[in-house]
Amino acid sequence: MEVNIEARRILAVSISKLYASRTQRGGLRLHRSLLLSLVMRSARDIYHSSRESEVPSGAQSAPEEPMDTSSNPGEQTRLPEAQTEPQPVLNSTETAPEEPDNTEDGCDSEIIEDKENLSPAKQSRKRRGKASAAPDFLPSKRARLEPGEERYEVPLGSCRAGESLTTLHTPPFRSKGLRRRMVQPSASLACCH
Amino acid sequence: CIFDVFTLKINQIQSVRMISDIISTVEFNHTGELLATGDKGGRVVIFQQEIENKNQPQFRSEYNVYSTFQSHEPEFDYLKSLEIEEKINKIRWLPQKNAAQFLLSTNDKTIKLWKISERDKRPEGYNLKEEDGRYKDPNTITSLRVPVLKPMDLMVEASPRRVFANAHTYHINSVSVNSDNETYLSADDLRINLWHLEITDRSFNIVDIKPANMEELTEVITAAEFHPHQCNTFVYSSSKGTIRLCDMRVSALCDKHSKLFEEPEDPSNRSFFSEIISSISDVKFSHNGRYMMTRDYLSVKIWDLNMENRPVETYQVHEYLRSKLCSLYENDCIFDKFECCWNGNDSVVMTGSYNNFFRMFDRGHRRDVTLEASRENSKPMQVLKPRKVCTGGKRKKDEISVDSLDFNKKILHTAWHPQDNIIAVATTNNLYIFQDKVN
């Protein structure tokens with residue numbers, strides 16, 4: 001199921017970006033983290049929705065068919081009663097310009113055309129029972145810790161940008177046995193409310 | 001009209017190599033005589049216009065280095081174990097009041113007011129001191145001598161006059177000087193503060209969009225600017241593609257906007273990345289104060305301040321990238337923050353793109369052009385050749401296909417002289433200054 005694979009890929013890319021941003025200079029960027037989490041949420045919703053409807057969606061069109069309305073079986077099986085509705089959406093994407101040869105790495109733009117023009121808003125964003133289970137491509141939640149470090153609890157699935165994530169950032173210099181970071185009473189960032 | 005023959009002639013490719021430093025901001029002062037650049041290393045370089053024969057038909061102006069100083073240094077926040085980058089995010093000039101020039105420069109956390117002054121005389125002939133500054137033996141002084149001012153080589157000094165620190169928890173993205181010349185605002189992801197230029201130990205918080213629970217965060221502030229004439233009015237843009245206009249007379253805390261500018265999303269363009277590309281990266285008032293311009297990832301929009309439900313003009317900067325959004329997400333380009341600017345009489349707007357292209361849109365004549373800032377393709381005094389990106393089908397000669405575009409070469413920062421047709425365009429490491437051909 002192409003939608004599924006692409007959503008998984010976007011999720012994996014997003015997560016690696018999120019992890020990378022924690023170690024970048026200047027600290028976590030709230031704006032960037034927010035945008036990443038929005039993309040991840042869309043991809044996760046598509047991924048879980050398509051996973052649930054994976055069984056009934058038997059006959060799939062070949063993924064190589066570009067811009068064909070029938071090449072989007074995910075949409076059709078998810079909303080069987082609104083089958084006429086997605087058609088105009090997909091029809092309009094046919095007129096969008098499509099590059100004949102896409103040499104950019106990884107992403108197949110022909111397949112992406114459909115995925116990108118899916119309307120994530122049409123799928124329900126409610127968490128279903130299966131959605132709360134961790135997808136298999138996510139890294140294990142319980143990372144190994146060094147002796148003396150504290151273990152922080154992080155709820156899975158929610159992407160808390162900004163302050164919460166900064167607490168996970170391991171300071172560059174932390175000697176063993178120290179359980180708290182040294183607080184320097186310097187004139188830094190007593191924020192004015 | 002300046003665009004009857006729309007050509008840009010390179011008067012001088014003033015390409016300045018910022019050694020291992022990326023240019024992060026470019027700004028003309030109010031007369032256009034000075035051009036300031038900030039870079040990732042925390043340095044500010046100011047160029048001054050040398051005008052030769054302004055009244056002659058072959059009027060050319062050169063911008064030469066006037067002053068260089070280290071504005072910000074890297075810092076370390078011990079409380080959060082985070083390094084604070086020294087990169088200069090924004091420079092804004094103050095209108096000139098006396099012989100000295102003043103500008104505000106900011107990194108992620110601290111804003112500084114710099115005074116740039118010239119010294120071309122020095123006193124000589126002190127009564128009590130030797131020339132090298134040592135005090136003379138009082139017993140050897142038998143007469144009175146008054147020092148005289150003698151000319152010396154011009155020296156330009158930059159000194160930090162104010163440091164506005166510790167007021168932003170999040171990363172500062174904008175500063176804007178008020179038309180009252182006494183106050184200015186600084187904006188980070190969630191808050192906007194109002195400062196008085198003379199007071200550094202406190203500021204007023206005028207916008208706060210931080211939710212009580214950070215998990216409910218849905219949008220951040222991306223840019224803010226004061227109205228050019230109305231000192232009570234400012235706007236701020238958001239990551240959701242909205243712009244809010246606020247009136248400081250209404251209440252002390254401007255969380256409630258006076259106007260909300262938002263265009264409904266085109267449902268046929270919906271994708272995984274719709275939210276990212278609708279995030280506004282820059283907002284600029286027109287000089288006459290009647291319009292404002294916003295830049296999102298793919299387009300530039302002009303808004304009439306009296307119409308909130310949609311922009312009056314929309315210009316596509318590089319629509320051919322819409323089908324490449326997934327790849328641009330992977331290589332991080334989709335997060336690039338492009339700026340935009342108006343020309344002096346608000347008839348043309350300009351913004352940057354990839355492959356060292358920049359785009360100009362002539363509002364009156366409904367024309368646009370794509371130009372390139374590169375040394376290979378340009379020679380001094382040569383007219384810039386318009387570029388064209390081939391979006392499909394057969395590629396014509398001189399056209400560039402989308403897949404050949406170099407996404408590492410991006411023009412994020414551009415500036416337009418306030419009166420003349422002189423533009424400053426910053427590629428990653430180089431600054432290009434172009435001037436309109438004068439017949």
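Colleague: Which residue takes a positive phi in the hairpin of β25(B) and β26(B)?

Modeller: B:N355 does, with a phi near 60°, and the hairpin has four residues between the strands. Strands here are DSSP runs of E with at least two residues, helices are runs of H or I with at least four, and both are numbered from the N terminus. This is a predicted model, in which local features need pLDDT of at least 70, side-chain atom pairs count only at pLDDT 80 or more, and totals for chains, interfaces and linings use all residues. Residues are numbered from 1 along each chain as its sequence is written, chains are lettered from A and ligands numbered from 1 in the order in which they are written, and side-chain values use heavy atoms, leaving out hydrogens and water.

Colleague: How many bridges link β25 and β26 of chain B?

Modeller: Two strands count as paired if DSSP finds at least two bridges between them. β25 (residues 348–352) and β26(B) have five, in the antiparallel sense.

Colleague: Is β26(B) mostly covered or uncovered?

Modeller: Buried means under 20% relative accessible area, exposed means over 50%, and partly exposed lies in between, using a 1.4 Å probe and protein chains only. In β26 (residues 357–362), six of six residues are buried. One side carries B:F357, B:R359 and B:F361, the other B:F358, B:M360 and B:D362, and both faces are covered.

Colleague: Which residues point each way from strand β12 of chain B?

Modeller: B:S174 and B:S176 point one way, B:V175 and B:V177 the other, and all are buried. β12(B) pairs with β13 (residues 183–187) over four antiparallel bridges, with B:S176 opposite B:L185. Their hairpin has five residues between the strands, and B:N181 in the turn has a positive phi of about 60°.

Colleague: Now for a sheet: what is the order of the four strands that include β8 and β11 of chain B?

Modeller: The order is β8-β9-β10-β11, an open sheet with antiparallel pairing. β8 (90–93) and β11 (148–164) are at the edges with a single partner strand each, so one side of each has no neighbour in the sheet. Neighbouring strands are turned by 25° against each other on average, direction ignored; axes are lines fitted to C-alpha atoms (for helices over the stretch in contact), and angles run from 0 to 180 degrees between N-to-C directions. β10 (residues 111–124) and β11(B) share 13 bridges, and B:E124 has B:V148 as its bridge partner.

Colleague: How many helices and strands does chain B have?

Modeller: Two helices and 32 strands. Of its 439 residues, 56% count as buried.
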